[in-house]
There are 4 protein chains.
Amino acid sequence: MKKFDNLKLCLKNSKDHKTIIEVGNVKIGSGFTMIAGPCSVESEEQTYQTALPLKKAGIDILRGGVFKARTSPYDFQGLGVEGLKILKRVGEELDIPVVTEVLDTRDVEITSAHVDILQIGSRNMQNFALLKEVGLQDKPVLLKRGMSATLEEWLNCAEYILERGNPNVILCERGIRTFDTYTRNTIDMAVVPSIKILTHLPVFIDPSHGTGSPDLIEPMSLSAVGAGADGLMIEVHYKPEEALSDRDQAIDPLVYTGIINKVRKMSDFIKTELV
Amino acid sequence: MKKFDNLKLCLKNSKDHKTIIEVGNVKIGSGFTMIAGPCSVESEEQTYQTALPLKKAGIDILRGGVFKARTSPYDFQGLGVEGLKILKRVGEELDIPVVTEVLDTRDVEITSAHVDILQIGSRNMQNFALLKEVGLQDKPVLLKRGMSATLEEWLNCAEYILERGNPNVILCERGIRTFDTYTRNTIDMAVVPSIKILTHLPVFIDPSHGTGSPDLIEPMSLSAVGAGADGLMIEVHYKPEEALSDRDQAIDPLVYTGIINKVRKMSDFIKTELV
Amino acid sequence: MKKFDNLKLCLKNSKDHKTIIEVGNVKIGSGFTMIAGPCSVESEEQTYQTALPLKKAGIDILRGGVFKARTSPYDFQGLGVEGLKILKRVGEELDIPVVTEVLDTRDVEITSAHVDILQIGSRNMQNFALLKEVGLQDKPVLLKRGMSATLEEWLNCAEYILERGNPNVILCERGIRTFDTYTRNTIDMAVVPSIKILTHLPVFIDPSHGTGSPDLIEPMSLSAVGAGADGLMIEVHYKPEEALSDRDQAIDPLVYTGIINKVRKMSDFIKTELV
Amino acid sequence: MKKFDNLKLCLKNSKDHKTIIEVGNVKIGSGFTMIAGPCSVESEEQTYQTALPLKKAGIDILRGGVFKARTSPYDFQGLGVEGLKILKRVGEELDIPVVTEVLDTRDVEITSAHVDILQIGSRNMQNFALLKEVGLQDKPVLLKRGMSATLEEWLNCAEYILERGNPNVILCERGIRTFDTYTRNTIDMAVVPSIKILTHLPVFIDPSHGTGSPDLIEPMSLSAVGAGADGLMIEVHYKPEEALSDRDQAIDPLVYTGIINKVRKMSDFIKTELV
């Protein structure tokens, strides 16, 4: 396997070197972390009604988009700052940390003030101005892989954040773009063990964007656990058929509960029986 | 997910429709099947010395290439018919069924007479003359996915074999070609559950070609089990550093033994605890 | 640019080293060569009615498929040997050399006896048994690039043919497979000058398969001339809407006549004015 | 070919609908426009010494990067605002309009005050906050295609700019990312005629990033002219071997002069003889 000589900060300096990121009571990188929630924050009602059963199912972190990166300018662009406030209130009410994506350097500060984790989306993975800005914050950053980013390019983006002084980066594979369109994207599962071998950073899988298909979320979640991932990010909506974005790939809280239970069992089995 | 209307034979006709392929005592598609062995049959000594510890480790089927599809005409092209005889003798001596790749329509008959399973390699996935020929044999066919074949194209190739009268097709994902070259190929793990949902055929993962990296074979094997695969095909050589082909991705029998033990445990756990 | 050290025969040994392939009166590699004709030979009537206006338009070589490589086993598979005879008769009657694809090692000899150039299609680019077989014939070979073949892999396939003793290989780019499906394939135009710099072999562009779109054939043909290609292969059918294969990308002889006239003018201009 | 129904502003409303963008005396979209200059503005000396022979060679617009999007945080990041001033002074002194890339919404206003055209780079093609910001400026925008952007996604990004009120968008293909790494990227030449058929916007080719190889710039430039492009953007450095970025793909002014002369001749020939 290739060496990445110009990565000074994200590579392991010893076999056991591992970054554990504490967010509330959650320790990302130690244990298995479940992030779930709606693609977009659409209203307080929708966010709360989705988050409540997820809390009961045992998720660790709530996701919800407020600044939306949409292919077309005519698509729903998110609730913006109003959405930030909703997400913060719901998170506080249910005592769950929250994560949201930020798109614009000018929004980083206010977003950082409202959420527990800042997300950089695929389309902005190499938005270097934005990486530098989140690198100056004291909130962890969940960095999604770009659609056609090599592992080396992705790790260099983590390096941008680390280099600015923010040590808490979570890598999240959400499927790459390939010639096959049967699934929405192609999950490159081998990045999970590759990242665990090379770096000290936690790595997550997003099977919702990774497959675009509700039927594939459970098997790909279990596959991610087998590969050694540190967590999963899954889109859930209390009424998937009414979602304002990514309607086709969302699952409902009941289906999610079945998945999280299997994921927890398998994760425990691997930690206790396969070491 | 898309419908594939012109696939008359390989799609499921009911939720429980499943093809079980019996090869000796092995029932492919029921239980978890481990295929292992050298990339190439190089000599009787090398084949036997590799196969013996694999037999002890509990593999189900022995692999070994005798007609080699090599990028350059100046690379080792395999032992041909002499290799077929070696493979057959070693298989009989150790009482393990054997599988080898066939490249030329003119070699199908003699190969079929020596081995238990015929393999169609990635580069010949759409060699339709060859597909028709193996479709006329009474031996099962392990059909590898082409490097840039869509799921639809791959299933159509299975359909070519089924249409000629051979019902026993095993699909094997060995990684697709993408923009990223960190791993040799990119394992498209989501084809495993997709195939299980759509078709009645068993599906395997080949993490050796899929990653090209010995370090990634164990985690990707466990990941395949989590995804619901029916088996694994892994390259093992008793002296990897002396292999005449694919030297960099082969593991030795000792490492393999560690992997097969974990795979068996995890497969059993899923079958008993996660249903 | 990379070196390809294991290519002993297809690389240039001097700046002016260039293979000129004589087929009847046509000198491929010197002048600009136009190959055209139907995707499939469907009948003598259809082949003749398509070929006649093409002959008048000034094409150099007639194409027509008789052994068809089709994605589905239920699609039209070609007329086989009967088609070979039709193609040969029409070629003789109109005094045009003919080219057809061969799929099976067992068909190489009879095909070689009926046509002037043997074509290896994209799906068989790495069918090494077939490459070795056409390498033993005394007819030139038009070798299409595989859908996801690197330049290096493609040149190694030419090397397989040269190594067997057949020096007359024509390389034909027909579009590679990428993430974008707006066009059927993506013409990698830069292979034209790359091949001219590296090797002594002629290189063609197939804008029909390369784009899958009649509207794009003229501009991509002129683009190929600008890039330095030695020729074009274009699918023409006298009644495109009735074609049994590749109906959507065929143009009629009238449209083709407009294209060939512009191509000839531009090719002449470049040879006389831009040296 | 597909329809793009949600593109309200960038599609043609009639066969002759065409946007002509006036920048100084240059009319982009009418005539053939040559943009050239260094990858990065490194100093006033380097910028002037590169621009002077380019002016003499007859270029229309000078390029030069001041905010650099670099893979690694440890690479040269550009001179920033100081670079903007240098570029502006050199442009004024030589009476050539200038173009530079902008990376951050916070830099749009000052950049717009210094240059004639704003460039959005590949890595920021879907930086929607940035697109909205340049959509509010009164300067034309040169929008590069993302590395793995479909034509539809790219046109949607143009739509973002048009929707904000800026009608002057120039599309620039700079090569997409594919499996083959022989060239740095793969120029998808067929987007040129596709864009001309679908939209009213001018389209350019960047053969420097598109190939990464000085030897391929001339043939790919002529190929782009044949395909119907409206212009070319080429990286030139007065001492390529000393360039601080993209050293391997830059050509010197002398080589460039040979290319521009052939391009002008061929463009004139096509306009006068091939209509």
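How many residues does the contact take from chain B and from chain C? In this predicted model, the contact takes 32 residues from chain B and 32 residues from chain C.

The size of an interface is often given as the accessible area lost when the parts come together. For chain B and chain C, the area buried between them is about 2,900 Å², and 47% of that area lies on carbon and sulfur atoms.

Polar and charged interactions can be counted across this contact. Between chain B and chain C there are 4 salt bridges. One pairs B:Glu153 with C:Arg177, where the closest N and O atoms are 2.6 Å apart. The count of residue pairs in polar contact between chain B and chain C, both residues at pLDDT 80 or more, is 24. On the chain B side, helix H4 (128-134) and helix H5 (151-163) each supply at least two of the residues that touch chain C. The largest share comes from H5(B), with 5 residues. Sorted by class, the side of chain B that touches chain C has 10 nonpolar, 11 polar and 11 charged residues.

The next point is how the copies are arranged. Two copies of a chain are related by a rotation about an axis and a shift along it.

Along its principal axes, the C-alpha trace of chain A spans about 50 × 45 × 40 Å.

Salt bridges also occur within a chain. Over all chains, the whole structure has 64 salt bridges. One of the pairs is formed by the side chains of A:Asp60 and A:Arg264, at 3.1 Å from N to O. This pair links distant parts of the chain, 204 residues apart. A:Asp60 lies in the loop between helix H1 (44-57) and strand S4 (61-63) of chain A, while A:Arg264 lies in helix H9 (residues 253-273) of chain A.

Conventions:
Residues numbered from 1 in each chain as written. Chains lettered and ligands numbered in written order. Predicted model: local features only at pLDDT ≥ 70, side-chain atom pairs only at ≥ 80, totals over all residues. Heavy atoms only, no water. Contact = heavy atoms within 4.5 Å. Buried area = accessible area lost by both parts, 1.4 Å probe. Polar contact = N/O pair within 3.5 Å; in protein donor to acceptor, adjacent residues only side chain to side chain. Helix = DSSP H or I, 4+ residues; strand = E, 2+ residues; numbered from the N terminus. Nonpolar A, V, L, I, M, F, W, Y, C, P; charged D, E, K, R; others polar.
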